[in-house]
Every structure is written in structure tokens, then in C-alpha cells.
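The conventions come at the end.

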Amino acid sequence: MANIQSLISTDRKFHPICEVAGILGDKLGIEVYVVGGYVRDLIIGRELHDLDIMVVGDGIEFARQLAKVLSAGSFGKIKNVIPFERFGTAAILYQDGQIEVASARKEVYQFDSRKPAVSKTDLEGDLSRRDFNINAMAVSINRKNFGDLFDPYGGIRDLKAKIIRTPLDPDSTFSDDPLRMMRAVRFAAQLQFNLDQVVIESIERNVRRIEIVSSERITAEFYKILGTDQPSIGLELLQHAGLMKIIFPEISEMFGLEQPFEWHHKDIFYHTLQVVDNIAEVSDNLDLRFAGLVHDIGKPRTRRLESKKGWTFHGHDFLGAKMLEKIAQRMRLSNKTKDYLQKLVNLHLRPIALAKEGVTDAAIRRLMVDGGDEIDDLMILCRADITSKNPNLVRKYLGNFERVDLMIHDVKERDAMRAFQSPVRGDVIMKECGLKPGPVIGRIKKRIENAILEGEIENSYEAAFDYLNKIKDEYASK
Ligand code: ATP
Ligand code: MG
């Protein structure tokens, strides 16, 4: 039996709640384990998220008792214990996060639902129903064997080999709960692991089963894939496994479709993936990454071969925005997200068009008004859209684009200045300087304003007031 301490680096510590839970387990005479993602992340040195505790016994009762002990200790206020009777699990919500407590359980699935019938089991039985070997390890936290690692399916071996495999036959794993196919892709993308060939083939066989999963769950996993460092990994896996075609046919349609070289990849799908990765490098905003994914979604349906120009996509921006109505409904996106995506897709050609055609202040202002609060995100999307492999083209467009970007900032600053008002009012000046109304008040005001515009002092009441006090002797009783 390995002890986990020998497998993790010395600066990695168990959550202090583990010790408390272990002591409680000893008192009640039941086995207590830390399981799943927490164990995996401890070993690979990844940032730790929610703590999952499993007990061989009544998980809900244990959660209630644990919450009591924790309330009496120094773990901050326990907000709530939420039981899920059907699954024999409970969530303890406390100041810094949440702890899941589960009874060791087996699950039996009906063909038309991913909601299983649940029954009690032991440690081994519980680990066998988990999705992947890397997620099917448990560490004992009872005092007598604190840190003992249970790894019946070779989770450690798989972590070392950076591979994702299932404890049981992958066909029943994925058929029982088809969301696991999305999870497989998500873990592969998140951890940058490979899917075992057997797993890939099984997903290919079972893709249709994803249809029994609710849209909300699919969208949540999809967003997690978008949230990885390099989303193209997961998106490409979804495409190759055949999942994309079912969950997001509009993206799948772009695969293999040619477009002119200009500043794009030849294939619209790969161009799109590159855009999403480019955005991911500079922004954690998942809706913005989503906008990158769908910005060319109107291209397959507007594509024409014109004799002189080659492939064209007239109106793909408007069509794309329109297509988002249905997509948002299907994926249960909020109206706010839908509006945001539509705006960005609608406008995504405008900054580049400006860069190409020559730029005027008025055109920039119009773009800024249309872009509104989203103008900075729009500029990130457009910059990410310039993905040509031809460095001269990139340089040329980026150069022009840079000018548009600069002018936007310029106009912003100038407009801010236009609305500018001196932070110190005339009556304050009179009071501080002991002066009566007269032209000198205006002169002092002007001098303060100039100091701000020249960047000598900050544009704030405090800075202006201090400055007034510094210069007021020059004007006193003159
Ligand atoms: P993360 O929290 O970083 O997304 P995780 O591995 O902790 O990853 P959770 O969804 O929090 O994932 O689930 C905790 C554990 O529960 C998993 O590690 C796995 O053992 C098990 N699990 C979760 N969902 C499933 C599922 N659909 N099928 C089988 N086991 C699952
Ligand atoms: Mg988790």
C-alpha cells in the first residue's frame, strides 16, 4: 500500500478539514476517504478545487456531524448543509468554498436516462463507478492509516503516462452516462492528456447517446473546454470524435471548407480554432472565446465561388448573428450572452474594413458607438482574427489595425477631455484664497485645469485642491 505523501511534493498539503473529518470518522467508527479530482490534482500538482469526501456509511448524516464540528472550530461560518437524498450525498457550504460528502455508492442506469438508481457499496465498488482511472483513486484520512492510497485501476500509472482510460468497459461507461464523453474530452484538454485509443473508438460508437443529456449539462462542459489554456485541443477532439456534429453542427460544418488564403487558414474550421486560441492567450472571458468560435459561423451558408474573386462570403457577419438566435436557444445561453455574441459577430469585420479603407475620426466614433461597452472585446476578437501564416500580410494588416486601435484610444481620451470639468469649483477657490468674485477666480481655475491637462497633477478633487493650496499665495489679496 503506497502512502500518498511519497507521491506528492512536500509543499503540497492536505486541506486541514481532512484531519478533522478523519478524527470524526474514527469517533463514529467509519471509513473516510478523500476521492476523485482532489486526489488527482494533489498528485499532479495542479491547483486544488472542491474537496470531495467519501464515507463508507451514511454520507448525509456524516456531513451534518462534520458541519457541527467545523462550526465549533476555526473554519469560519458554515453556511449550509444541502442534502441530496436520492444520491446519498450532501454539500457543506462554508466561507471559502464547498465540500462534497458522499456515501460510497453503486449506480445502475436505465437506458433512456443518465439518472441512476443508487445503492450502498464499499470503497472498491464506489471507485469502480467513477468515470476515469485518474479520477478513481481514494486516500484514507482516518487517523490510523492517514494518507494510504487506494488505486485499484492504475490511476497513478495513467497520470504518469498522461492518458485517459476508464475503469470498466468504456462502452458501458459512456452509454450509462454519456456526459462522460464530454468529460473525457474536457480532461484531455484541461490536463493535456491523450485519450486512450479504445476510449476514442468507444466514444465514436456511442456519440448518439449524448442526446439523452440535458442541454444545460452539455453547455456547462462545453464552456469548461473553452476555458482551457488551449481550447483548440478539446474542440478538435470533439470534432474528430463526432460529438461536435451533434452538439454544435454549425461549427462542425466549417470542417474541411476551403476559403481563400488572405489572412486566414485555408480551412474555416482550423482558422476558427486558431482564433479561439489567440483569444485564450490574452483573455479569460469565456463569452469572448465563444464569440471567437462563432464569428465565422455564417461562412458555410454564404460561401460562393465568384469567377474573379474566388470564394466569397457576403453577409456572413449578419447571417452568423442571426444563426445565434437558434444556437442560444438550443444551448440555453442567457439573453445577455446571446446579445453579446450577436453584437461581436455582427461587427467583427468593421475594424478590419476601417484598417483597409482608411480611417477617419468619424468612422471610428461610429464604430465606438456601435460597439459600446464591447468595443475593447471586439478589438481583441479582430486582432485574434488575423491568423495568416504569411508574415508580410500579417504585418500589413496588423500595422493598419494598430492605427485603428490607437485612434480608438485617442478618441476615447479626447472625448473624456471634451466632457472634462475642473474638479474644484469657483466657490471653493474663493473660500480657500479669501477672494471675492472676479476675473482672478477664472484665472486660477484655468491654471488648475492646465495643470491637469499637462499631466502635472491627477484629474481628481484631492490633487486639484492640494495644487490650489500650493499656488494660492501668488493670488492672495491681489
Ligand atoms: P474538476 O472539479 O476539476 O472539474 P473533478 O474530477 O473533481 O474535476 P467533479 O465533477 O468535481 O470532477 O467530480 C468529482 C469526482 O466524481 C470525479 O473525479 C469522478 O471521480 C466522479 N465523477 C464526477 N462526475 C462523474 C460522472 N459523470 N461519472 C462518473 N464519475 C463521475
Ligand atoms: Mg471537483
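**Notes on the predicted model**

1. Helix H9 (residues 215–226) and helix H14 (residues 286–294) have axes that come within 10 Å and cross at roughly 90°. The two helices therefore count as roughly perpendicular (65 to 115 degrees; axes are lines fitted to C-alpha atoms, for helices over the stretch in contact, with angles from 0 to 180 degrees between N-to-C directions).

2. On the H9 side, Phe222, Tyr223 and Leu226 meet Leu286, Asp287, Arg289, Phe290 and Leu293 of H14 (contact: heavy atoms within 4.5 Å). These residues divide into 6 nonpolar, no polar and 2 charged (Ala, Val, Leu, Ile, Met, Phe, Trp, Tyr, Cys and Pro are nonpolar, Asp, Glu, Lys and Arg charged, the others, Gly among them, polar).

3. An open sheet of 7 strands, with mixed pairing, runs E3-E4-E5-E2-E1-E8-E9 (strands pair if DSSP finds at least two bridges between them). Strands E3 (78–84) and E9 (149–150) are at the edges with a single partner strand each, so one side of each lacks a neighbour in the sheet. Strand E8 (residues 138–140) is antiparallel to E9 and joined to it by 2 bridges.

4. Thr173 lies in helix H6 (residues 170–176). Its relative accessibility is 6%, so Thr173 counts as buried (under 20% relative accessible area, 1.4 Å probe, protein chains only).

5. Conventions: residues are numbered from 1 along each chain as its sequence is written, and chains are lettered from A and ligands numbered from 1 in the order written. As the model is predicted, local features need pLDDT of at least 70 and side-chain atom pairs count only at pLDDT 80 or more, while totals for chains, interfaces and linings use all residues; side-chain values use heavy atoms, with hydrogens and water left out.

Terms used. Helices (H or I, at least four residues) and strands (E, at least two) are DSSP runs, numbered from the N terminus. Buried means under 20% relative accessible area, exposed over 50%, partly exposed in between (1.4 Å probe, protein chains only). Angles under 35 degrees count as roughly parallel, over 145 as roughly antiparallel, 65 to 115 as roughly perpendicular and the rest as oblique.
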